[in-house]
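Here are some notes to read alongside the structure, for anyone opening it for the first time.

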Amino acid sequence: MKGTMLYGPRDVRFEERPDPKILEPTDAILRISAACVCGSDLWPYRGVDPITEPTPMGHEYVGIVEEVGSEVKNIKPGQFVVGSFWASDNTCPICQAGYQSRCVDARPIGAEGAQAGWLRVPLADGTLVPTPELPPDDLIPSLLSASDVLGTGWFGAVAAATGPGKTVAVVGDGAVGLCAVLAAKQMGAERIIAMSRHEGRQTLALEFGATDIVTERGDEGVAKIKELTDGLGAHSVVEAVGTEESMMQAIQSTRPGGHVGFVGVFHGMHLDAMDLFWSTVHLHGGPAPVRQYLPELIDLIWNRKINPGKVFDLTLPLEQVAEGYRAMDERRAIKALLRP
Ligand SMILES: [Zn+2]
């Protein structure tokens, strides 16, 4: 098969790779229907996370089960499935508590490389969720979004304790931030403030349920959120970037007693302990336990209650994956969908 490898900064190659095989009896092999480029793939792509050897890329995927190992009970060949970017057994105490991304046996899908024609998924029964039947083509982008960005934005909104009557602010206008807006809307938030200075992303945020747009950043952004909330700050703030500036913007935009859900992967972060002490906010975040939300998200998508697939504003044949990285790196695209 052919798959995507990163050789170094801005050096993405689509090349011949070994066909994935069943290695453990709990594995499944998928024929990939769609994959995509993640904002987090841009960290190694830009050289911020150094690459020491050619590395398979991609951790978001939907596809059709081709083959399963001898111990796989629930997932069957022929099913269309959505999986999270962490494989999990879904049975250990951590999974049972809803934190499948930190399963005692968690395995990163990124190590397999989902930007490829085929994919081995470990712990198939615990990781994959089938759709009711083969989906119509127009639902595939939304189902793919559930694999990461929707599930991650959803967790951000849950971690920020979004709910009816709440004022929610979202820091970050990438696909995850936009999906957090959608999630806050679904969870009944009264007011949703999207922080974005990019016109196309503002339009999508409004479509997903944002009631206000704030274009200012840093201290000015915080001042604007306070101005919109009687000087108090938002009840719930989702941080979906991962820089020190965005995290401080999130913490300082939250009212005392409020909640910050942080889902951006931290880079170059040095938080001041006294800033945290005086913030008096709840902090909850990390790698999203997407598996927990997949049944609910698939149901919402299947019944066309939400359309998160709109975050994909570029679709490319998989062999043009390098252009997908370039378009996202240059912020010409919010998110690139790849079809084998
Ligand atoms: Zn587990």
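1. Let's start with a helix pair. This is a predicted model, and in it helix α5 (residues 149-159) packs with helix α11 (residues 290-302) at an angle of about 110 degrees. Their axes are 10 Å apart. Angles from 65 to 115 degrees count as roughly perpendicular, so α5 is roughly perpendicular to α11.

2. Which residues make that contact? On the α5 side, they are Leu150, Gly151, Thr152, Trp154, Phe155 and Val158. From α11 come Val290, Tyr293, Glu296, Leu297, Leu300 and Ile301. Sorted by class, the contact of α5 with α11 has 9 nonpolar, 2 polar and 1 charged residues.

3. Thr152 deserves a look of its own. Thr152 lies in helix α5, and it counts as buried because its relative accessible area is 6%, under the 20% cut-off. If you set aside its neighbours within four places in sequence, Thr152 is in contact with Phe85, Val176, Val263, Ala288 and Val290. Val290 is also one of the α11 residues in the contact with α5.

4. Now zoom out. The protein has 12 helices and 18 strands. Its radius of gyration is 19 Å, close to the 20 Å that the globule rule gives for 340 residues, so the protein is as compact as a globular protein of that length. Along the principal axes, the C-alpha atoms fill a box of roughly 60 × 40 × 40 Å.

5. Two percentages go with that overall view. Of the 340 residues, 55% are buried. And if you take the contacts with a separation of 6 or more, 68% of them are between residues 24 or more positions apart.

6. How many disulfides does the structure hold? The count is 0. Take Cys36 as an example: the closest cysteine sulfur to its own is in Cys38, 7.2 Å away. A disulfide needs the two sulfurs within 2.5 Å, so that pair is too far apart for a bond. Cys36 counts as buried, at 0% relative accessibility, and Cys92 counts as buried too, at 6%.

7. Keep an eye on the backbone in a couple of loops. Asn90 sits in the loop between β7 (86-87) and α2 (93-96), and its phi is near 60 degrees, a positive value in a residue other than glycine. Leu123 is in the loop between β9 (118-121) and α3 (124-127). Leu123 is not a glycine either, yet its phi is positive, about 50 degrees. Is Leu123 buried or exposed? It counts as buried, at 9% relative accessibility.

8. Last stop: helix α12 (residues 321-329). Its buried residues are Val321, Gly324, Tyr325, Ala327, Met328 and Asp329. What covers them? The cover includes the strands β1 (2-8), β2 (11-16), β17 (314-317) and β18 (336-339), along with the helix α1 (42-45). After α12 comes Arg331, with a positive phi near 55 degrees.

Key:
Residues numbered from 1 in each chain as written. Predicted model: local features only at pLDDT ≥ 70, side-chain atom pairs only at ≥ 80, totals over all residues. Heavy atoms only, no water. Axes fitted to C-alpha atoms, helices over the stretch in contact; angles between N-to-C directions. Helix = DSSP H or I, 4+ residues; strand = E, 2+ residues; numbered from the N terminus. Parallel < 35°, antiparallel > 145°, perpendicular 65-115°, else oblique. Contact = heavy atoms within 4.5 Å. Nonpolar A, V, L, I, M, F, W, Y, C, P; charged D, E, K, R; others polar. Buried < 20%, exposed > 50% of the residue type's maximum accessible area, 1.4 Å probe, protein only. Rg over C-alpha atoms; globule rule 2.2 N^0.38 Å.
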